[in-house]
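Please look over the structure shown here, and then read the notes that follow, which take up one topic at a time.

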Amino acid sequence: MRTYLVTGGAGFIGSNFIHYMFNKYGDDIRIINVDKLTYAGNLENLKDIEDRKNYTFVRADITDAAAIEQIFMKNDIDVVVHFAAESHVDRSIRNPEVFVKTNVLGTLVMLNNAKASWEKADGTYPEGKKFLHVSTDEVYGSLEEDGGYFYETTPYAPHSPYSASKASSDMLVKSYMDTYKFPANITNCSNNYGPYQFPEKLIPLIINNALHGKKLPVYGDGKNVRDWLYVMDHAKAIDMVINEGKLFETYNVGGHNEKQNIEIIKIIIETLREMLPDSDPRKAAITEDLITYVEDRKGHDRRYAIAPDKIKSEIGWEPETMFKDGIKLTIKWYFEHEDWMKNVTSGDYMNYYSQMYSV
Ligand code: NAD
Ligand code: TDX
């Protein structure tokens, strides 16, 4: 039975990945989820699987080398799936230090412990061990509006403290592969959307604000482009790279689904209006009048777009969820989980929210 050590499994993509894996493999795998439970980590995301006998949660900080060493000593880990990170660009602009600590130092701690646990006396590694480092397309910088894609060979050019910290973590993984022949893969994925995403990110923030009749903040001219992928398609890509990815390779993950931010906001308004019955008092307030142009993000990357050719040709991965279906599933999920939203938007998060938007 393969044992996966998932870091950051209580966050958005990590919790969707754990659901994906138990749905697919049932009792044939074991998952240990290590998460510090920052503001972005929420055990409610995993309520339906927390009693499984093949699932264990450990609350620990990935920068705590002793705690991570204990996990490797107590368990025979086959695969590390490394999601844990500070993930929000706007927060990184306000407070870069924690991004360097978690994303760079935390990755180093994970690499060192996996290496110490797996490396044989002759410097080789047993068959089947793999470190899957989950990264982002933001490491490649920004594209022109009218052309070009990010390939695995595109030079790194991060602009925000977040993307600089992710680029640094990728470089560390690459250095371990080159120096120690450490068995790893890196995936660089485009923007994800779907259930359990924290409402500091564009899509859940807009859904939540619209449902509460609040303004919908658009940075700059609203024409920045992101390449959106349904989170379960990302989970599937990670599973496929673990199983079929060639060691030491990087794979870009994305579905050729580029949209301007303003288009996304208008789609959300339209979809919410379709979903709400006329009798619901919120419906009348959800109009494009809520859209409010606000100050642009500092250093705002103009366009991201992934070329997924390599993962498609080498591994056979392709996204399954069309944006028009995925966005409906997502809006419906938030609509049906208002308690989840209420819980995560209380306390500290609200302070941050008012500082950030003053709305
Ligand atoms: P998230 O912010 O929703 O979740 C991050 C998780 O990591 C949380 O559960 C948090 O508690 C945990 N964490 C943070 N610091 C930790 C620490 N020091 N020790 C242990 N756990 C800690 O993030 P997400 O959107 O799910 O992103 C997951 C990963 O995927 C990140 O590495 C991110 O860079 C990458 N990624 C995200 C996207 C996206 O669109 N969200 C796209 C591509 C890549
Ligand atoms: O209120 C907003 N208004 C707005 O116009 C917010 C929160 C965002 N935006 C814009 C900024 C971006 O152009 O929407 C776009 C998407 O913003 P985010 O949801 O913050 O995502 P982004 O900055 O693109 O980064 C995301 O994708 C790559 C994730 O947060 C990263 O973790 C991932 O690596």
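This is a predicted model: local features need pLDDT of at least 70, side-chain atom pairs count only at pLDDT 80 or more; totals for chains, interfaces and linings use all residues.

**Cavities, ligand and surroundings**

The second largest cavity has a lining made up of Val 89, Ile 93, Glu 138, His 159, Ser 160, Arg 226, Arg 297, Lys 298, Gly 299, His 300, Asp 301 and Tyr 304.

**Cavities**

- When the whole structure is searched, two cavities of 30 Å³ or more are found, and the second largest cavity holds about 60 Å³ of space.
- Sorted by class, the residues that line the second largest cavity comprise three nonpolar, four polar and five charged ones.
- As a general point, rolling a probe the size of a water molecule over the atoms shows where empty space is left.

**The ligand and its shell**

- Ligand 1 is surrounded by 28 residues, and the closest of them are Ile 13, Asp 35, Ser 87, Tyr 162 and Lys 166.
- The shell around ligand 1 consists, by class, of 13 nonpolar, 11 polar and four charged residues.
- In the side chain of Asp 35, an N or O atom is 2.6 Å from an oxygen atom of ligand 1, while a backbone N or O atom of Gly 11 lies 2.9 Å from an oxygen atom of the ligand.
- Ligand 1 taken alone exposes 840 Å², and 97% of that is buried by the protein.
- Two or more residues of the shell around ligand 1 come from each of the elements α1 (12-25), β5 (130-136) and α5 (161-180), and β5 gives the most, with three residues.

**A buried helix**

- Helix α6 (residues 202-211) is largely enclosed by the rest of the structure, because nine of its 10 residues are buried.
- The buried residues in α6 are Ile 203, Pro 204, Leu 205, Ile 206, Ile 207, Asn 208, Asn 209, Ala 210 and Leu 211.
- After α6 comes Gly 213, which has a positive phi, near 65°.

**An exposed loop residue**

- Glu 127 is found in the loop between α4 (97-118) and β5, and Glu 127 counts as exposed because its relative accessibility is 81%, where the cut-off for exposed is over 50%.
- From C-alpha to C-alpha, Glu 127 and Ser 142 are 38 Å apart in space, although 15 residues separate their positions in sequence.

Technical notes: Residues are numbered from 1 along each chain as its sequence is written. Chains are lettered from A and ligands numbered from 1 in the order in which they are written. Side-chain values use heavy atoms; hydrogens and water are left out. A residue is near a molecule or strand if one of its heavy atoms lies within 4 Å of it. A polar contact is a pair of N or O atoms within 3.5 Å; within protein, one must be able to donate a hydrogen and the other to accept it, and residues adjacent in sequence count only if both atoms are side-chain atoms. Accessible areas come from the Shrake-Rupley method with a 1.4 Å probe; for residues, only the protein chains shown count as cover. Helices (H or I, at least four residues) and strands (E, at least two) are DSSP runs, numbered from the N terminus. Ala, Val, Leu, Ile, Met, Phe, Trp, Tyr, Cys and Pro count as nonpolar, Asp, Glu, Lys and Arg as charged, and the others, Gly among them, as polar. On a 1 Å grid over the protein atoms alone, a cavity is a set of points where a 1.4 Å probe fits but cannot get out, and a pocket is an open set with protein on both sides within 12 Å along at least five of seven lines; lining residues have an atom within 4 Å of a point. Grid points are joined across faces, edges and corners, and a volume is the space filled by probe spheres set on the points. Buried means under 20% relative accessible area, exposed over 50%, partly exposed in between (1.4 Å probe, protein chains only).
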